[in-house]
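Subject: Structure for you to look through

Dear colleague,

Here is the structure that I promised to hand over to you. Please open it beside this message, so that you can look up each residue as you read.

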Amino acid sequence: MKVSILDDYFDTLRTLPCFAKLAGHEVKIWNDHVQDVDRLAERLADTEALVLIRERTQIRAPLLQRLPKLKLISQRSVYPHIDVEACTALGAIVSSNMHAGTPSYATAELTWGLVLAAFRQIPQQMASLKAGRWQIGVGTSLRGKTLGIYGYGRIGAAVAGYGKAFSMKVLAWAREASLARAAADGIETAPSKAAFFEECDVISLHMRLVPATRGIVTAADLARMKPTSVLVNTSRAGLIEPGALLAALRAGRPGMAAVDVFETEPLTDPRDPLLALDNLIGTPHIGYVTREEYELQFSDIFDQINAYAAGAPINVVNPDVLTRRR
């Protein structure tokens, strides 16, 4: 099959052991990011199988309609960036392993790195040292503080474990089924959403972005946080009400945010108002970007291509297409 891979910024995939699974296919890798429909349509004109790296590129109907040879989109995890209905109407399969039993430990580790960076002022202290100055302030210890996990899924549970290892009190808030899992794991649950935001010294968001969770963290929620607290988001920016985080940080509740996700990605404008804030630490959506995580993800993605080529597609998220695929 003619396989195209988009957005492999650092040309990493061909260096992974799992890349050998594409032997026998004709593979084209693109290392830049392009969202323009005309340019993408030109690049992908002969593509039969399209590999996506998470949600870096939007695949919508105007593009899909110009890709008559496309038979398969292969990726991993959620797919809000793909117009699945258009794929079905046009006869293209979407395969995506939802990794139900394998949390992204890479994202959990980055989450904890952001917590430490915020409380110990690591980026600021590094910048001071490189500028020829010495210490610029006094950090805060995590021991004895309250870590709030909003959304107790696989990654949230891993981060809760890190909090316990640092002798923090861990408090969970989530939908009822997730709270039951937290309680079964020995995690204390908050009596209410308001109490959760008021009590926690760190709140880390760990939910999928779906219609029910979009904007689930409101301006009123953030206003309840302590002026010494930190909000951490390595999930999706859309979980927070639009504009609420910027306003909250300017108001000083919470006192700081440490985020890996933004409403516009890739965010390349240094004048973005969030990036101008001294009380924000940001990273460019690197939660899952490790060689180990890539090996895990793309092993599944390449397996999906080979399964399709063998006539037995797997992890199909639009099964209605199977009766009319190209």
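Predicted model: local features only at pLDDT ≥ 70, side-chain atom pairs only at ≥ 80, totals over all residues.

Residues are numbered from 1 along each chain as its sequence is written, and side-chain values use heavy atoms, with hydrogens and water left out.

**Strands and sheets**

Helices (H or I, at least four residues) and strands (E, at least two) are DSSP runs, numbered from the N terminus, and two strands are said to pair if DSSP finds at least two bridges between them. In general, the strands of a sheet pair through backbone hydrogen bonds, either parallel or antiparallel.

Seven strands make up an open sheet with parallel pairing, in the order β8-β7-β6-β9-β10-β11-β12. Its edge strands, each of which pairs on one side only, are β8 (188-189) and β12 (280-282). Within this sheet, β10 (residues 230-233) runs parallel to β11 (residues 256-259) and is joined to it by four bridges, with Val 230 standing opposite Met 256. Helix α6 (residues 154-165) lies across β6 (146-150) and β7 (169-173), and it runs at about 175 degrees to β6 (axes are lines fitted to C-alpha atoms, for helices over the stretch in contact, meaning heavy atoms within 4.5 Å, and angles run from 0 to 180 degrees between N-to-C directions).

Strand β1 (residues 2-5) pairs in the parallel sense with β2 (residues 26-29) over four bridges, and three bridges join β1 to β3 (residues 49-51), again running parallel.

**Aromatic rings**

How many aromatic pairs does the structure hold? There are 10, where rings of Phe, Tyr and Trp (its six-membered ring) pair if their centres lie within 6.5 Å, and planes under 30 degrees apart count as stacked, over 60 as edge-to-face and the rest as tilted. One of them is the edge-to-face pair of Tyr 150 and Phe 196, at 5.8 Å centre to centre with 65 degrees between the planes. Because Tyr 150 lies in strand β6 and Phe 196 in helix α8 (residues 193-199), this pair ties together parts that are 46 residues apart in sequence. Tyr 150 is buried, with a relative accessible area of 4%, and Phe 196 is buried at 0% (buried means under 20% relative accessible area, exposed over 50%, and partly exposed in between, with a 1.4 Å probe and protein chains only).

Tyr 294 and Phe 298 both lie in helix α11 (residues 291-309), four residues apart, or about one turn of the helix, and both are buried.

**Charges over rings**

Lys 28 lies over the face of Trp 30, at 4.7 Å from the ring centre, and Arg 56 lies over the face of Tyr 9, at 4.0 Å. For such a case, NZ of Lys or CZ of Arg has to be within 6 Å of the ring centre and within 35 degrees of the ring normal.
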